[in-house]
Amino acid sequence: MEKPSDTLAVPAPVAPVAASWKDAWQLPALAGSLLLLVGGIVAAFLTAPTPNYGAGLAEAQHLVEAQEYEAAIETLNARVVPFVGSGVFTEDQVREFHLLVARSIAKGQKEKGLDREENNRTITSEFSEVEKLGGKLGPEDVGLLSDALISLGELDKATDRVATIPDDHRDRRIALYMRLIDRALAPPKPEEERAIELLSTLLADPGIGGETRVWALARQTEIALNRGFAEDAIAKLLRTMPRLMHTDSPEVGELFLLLGRAYIETGANDEAAQQLARAAELIPQSSISFAQLQLLLARIDEGRNDLTVAKDRYVFVLANFAETAELMPALLGLAEVSAALEQFDESVEQYTRLVDAMKQGSTSPRATPEIVGRSLMSRFADQMSRNDAATALKFGDLAEALFGIDAAPPEVLVGLAEAHRRLAEEVLPPRRPDEETLVKLAELDPATQAQVRQHLVSSGAYFRAHADRVVVTDSARYAQSLWGAADMFDRAGDLDAARAAFREFVTAFPGDARQAEAKFRMGQAAQTRGDFEEATTLYRELLQADATSDLGPWADASYVPLAQTLLLDGDPKNDAEAERLLQSVVGGAVGGTETPNFRNAVFELGQYYYLTGQHERAIERLEEMVARFPEHNKILGVRYRLADSYRRSAAQIDQRLKEAMPDSQRQELIAKRTDRLRKALVMFEQVRAGLEARDERRRTALEEIQLRNSYFYLGDCAFDLKDDELAIRHYDAAKERYPKDPASLVAMIQIVNAHVRQGDMKRAAAANERAKRFFDSLPDSVWDDPNLPMSRKDWERWLGSTVELARPGGSAPATASAPGAEGPN
C-alpha cells in the first residue's frame, strides 16, 4: 500500500446520518397492533367468529410466510384470539398460535425498524409458551428469541440460546454474537469481561470470515485502549494487521483508526497521523468511523497547536453527526479548543450543551462525568491562575451542575469556594485584627454590597460542604476548609454560621495556631449579636491566656472590644473597668501609641466620655482622634460628637456663669465659651457638608439624625454667639431642608427669638404665626422622639418670646439676659 500523506484537510459537510427509527417511520401503525397484543391476547372483538377456527391460523401462517406481518397480527386478533382458551383448538394449534404471534411481532418490528421493550417481552413470552407446550424452536426462531433477549439486557439467557444455533446457521450465530458483544460494551455500564469472553468464543469458530475477524480485532483493541493498554494494542495490531491486508473494507479502515488512536494515547502523534491518513482512504465519509477519525485528527491538530484547524474538525462532526455517539466527545473537544483560543464564551456555551446532554441521560466512554469534570476544573484552574475568577466561576458552576452539590468531587467544592472568595476580595480585602469588616461592607453601595455578601456566603457554603466531605479522610484539608467557611461567614455577617464553624474549629483543632483568632472572632460575632456575656468571657480568656503564652495580635486586639462589651452589658458596676482598659491602651501600655488598637481606644474613650456627659474629657480624646486619624472611616461621626461636645461644654459654662466668681475668672470662662461655640460652628459645618456629599443610599439612620441635627445646631451655635443674622440663615436652611420634620419647629421658634432679640417685633410676630401654625399641624406624639434637637430651654424661649409679642405694641424686653443665658442644655 502506498504511504499516504499524514496531513488531512477538514472535509466538506456531508448529509447527516439518520440514526433514529422515528426518522424512518413517523406513524408506526404496527405499534398499535403490537400494543394490542401486549395489552391482552385474550381481548375479544365484537365481530362474529367464523365457524372454521383453523382457517384463521392457516391464513396467519400464510401471511407470515409472505412477510405481511401486520396483516398476520390483524388476522390473529380478529379470527384466533377470541377463541384461544375456549377449547376449540387442539394443543398443536395453540402452540402454532403462540409461535405465529412471536414470529409476527419479532419480524414485524424488525421490518419497521422498531425495538420496543413491550414487544420484546411479548416475543420472549410467546416463545416460552411454545416450549411449555412441547414445541422445539428452530434456528431462526432461536435467533428471533435471542435478539429479543439481547434488547432486554438478558445477556446470559441470550448467550445460552445463541450457543445452540448449529453450524449450518453460522451466519445467524455470528451476527448474534456480534450483537451480544456490542451490547456488552455499550454504555453506561460496559461489561468488558463478558465481551472478552464472547470475543474468544467468536474467534474460536474456524468458520468465521476475514471481515468478522477484523471486526473482532477492532473490539479487542477498543477494550485494550479503554483499559489504558495502548502499547499492548499497538503491538497486537502491528502483528495481526499484515495478515488482513487482502481487503480494503471499511472494517480494515477501522483498524487503522484504532491504531492511530493508540499512537495518540502514547504521545506518538506523527505515527498516529500516518495511520489515520490510511484510515481516511478506507472509511466512507457518511460512517460513524469517519466522525471518530475527525475527532482523532483534531487531537493531533491540538498537539501541533493548530487550534483553528482542530476547531473546524469539531464543528464538522457536530454539524454532520449530532445524532450519533460522537456528539459528546465533539462537544468536549470544541469546548476545550475554544478555551485554548481564549474564546471563553463559546467554550462555556459548548460545555453547557455537553452538561445538559449528560444530565438528560446521554453517555459516552470518551466523555464520562469524570472526564468532563476534570476538563472543566482544568479550565477553572487556568482562569484562576490568570486572576480571572469570574470566568473561572463559570466553569466551576458547570462542574457543580454536572455532578450536583452532594456528589461533586471535593476539588470542585473547594475550587468554587476559592473563586467566590477571590471575587469578594476584589472589592473587600481580607480583614485584620483591628478591622470591622461589617462596617466596611456597609460602606459599599447597595448593589455592590449585596454582590459581595453573596460571594462571601457562597464561598462559606462551599468551604463548609468541602469540610464535611473530607472530615474523615483528610484532617489538614478539613481544618483549612472549616476555617475558610468560618472566615467567609464572619465577613458576610452570617453570625450564627460563623459562630458554629469557629466553635467547631476550636473544638476539633485545640493545638492550631489560629485558636486565638478563632476565639477573638467568636467574641466579635457574639458582641455583634448582642450576646455580651459570651463575648466578655471569650475576650477575658484571651487576655488571661496571653499572660502565659504569646497569642500574637489577638490578645492586644481584645482590650477595646472587652471594654465595649462591659459598657454595653447594662451593668454600670463594670464601667470603671472598661474605662481602665481603654486608658491603658491610650496610655501606650498595649503595643504603643501608633497601633490600630490605640486608635480604636481613643475613639471608644472619646465616645464613652461623650455619652456620659464628661464633655471636657470627651473633647480631649475626640480632638486627638480628629487630629491624628482624619481618614478614619467613622471620622464624620467623630467630628459630630466633638462638635456636640463643644456645644454642650458651652452650655455647661453658661450654668457656671450664673455663679458668683471673680471677674477675671468670668472673662476667662466667657472667652472659653465663645471659643467652644465657634469651634462647634466649624465642626458642625464640616459634618453637614461631609454627610450631604455622601450618597444618601449609603447613609445610616444614625448619620441621618446627625445630618439633621447639624443643620439645627449650626443655628443654635450662632444664636448663642448672639449672631442673629447668621442664626436666622442657618435656621432658614434647616427648615427648608426638613420642611415636614417636627424639628423644623425648633428653627421657627429660634427665628422668632432672634427677631425679638433684634427688636424687630413685626418680623418676629409673622415668624411666630408661622411657628404656631406648624405646631398645630403636628400630633402630640411627635414630641416623644428623644432624638429631636429641641430641649426644655427651647420651649421656655418660645414662651418668653410669645409673652413679649403679646405685650401692647409688641415691645422688646426691657432688660437683656445675662451672657450665655440663652445657651442650650
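1. Is Arg-194 buried, partly exposed or exposed? With a relative accessible area of 21%, Arg-194 is partly exposed, because buried would mean under 20%. Its salt-bridge partner is Glu-191, with N and O 3.0 Å apart, and Glu-191 is also partly exposed, at 34%. Please keep in mind that this is a predicted model.

2. Now look at helix H13 (residues 250-265), which holds both Glu-265 and Arg-261, 4 residues apart, or about one turn of the helix. Their side chains form a salt bridge of 3.0 Å from N to O. Glu-265 is partly exposed at 33% relative accessibility, whereas Arg-261 counts as buried at 13%.

3. Asp-147 is buried, at 18% relative accessible area.

4. Salt bridges can also join up: one network links Glu-425, Asp-487, Asp-490, Arg-491, Glu-517 and Arg-521. The count for the structure comes to 67 salt bridges.

5. On to the rings, where the whole structure has 16 aromatic pairs. One of them is Phe-290 with Phe-316, edge-to-face, with centres 6.1 Å apart and 80° between the planes. This pair links helix H15 to helix H16, across 26 residues. Phe-290 is buried at 5%, and Phe-316 is buried at 5% too.

6. Finally, ring pairs gather Tyr-478, Trp-483, Phe-502, Phe-505 and Phe-509 into a cluster. Elsewhere, Arg-647 lies over the face of Tyr-713, 3.8 Å from the ring centre.

Conventions
Residues are numbered from 1 along each chain as its sequence is written. This is a predicted model: local features need pLDDT of at least 70, side-chain atom pairs count only at pLDDT 80 or more; totals for chains, interfaces and linings use all residues. Side-chain values use heavy atoms; hydrogens and water are left out. Rings of Phe, Tyr and Trp (its six-membered ring) pair if their centres lie within 6.5 Å; planes under 30 degrees apart count as stacked, over 60 as edge-to-face and the rest as tilted. Helices (H or I, at least four residues) and strands (E, at least two) are DSSP runs, numbered from the N terminus. Buried means under 20% relative accessible area, exposed over 50%, partly exposed in between (1.4 Å probe, protein chains only). A charge sits over a ring if NZ of Lys or CZ of Arg is within 6 Å of the ring centre and within 35 degrees of the ring normal. A salt bridge is a side-chain nitrogen of Lys or Arg within 4 Å of a carboxyl oxygen of Asp or Glu.
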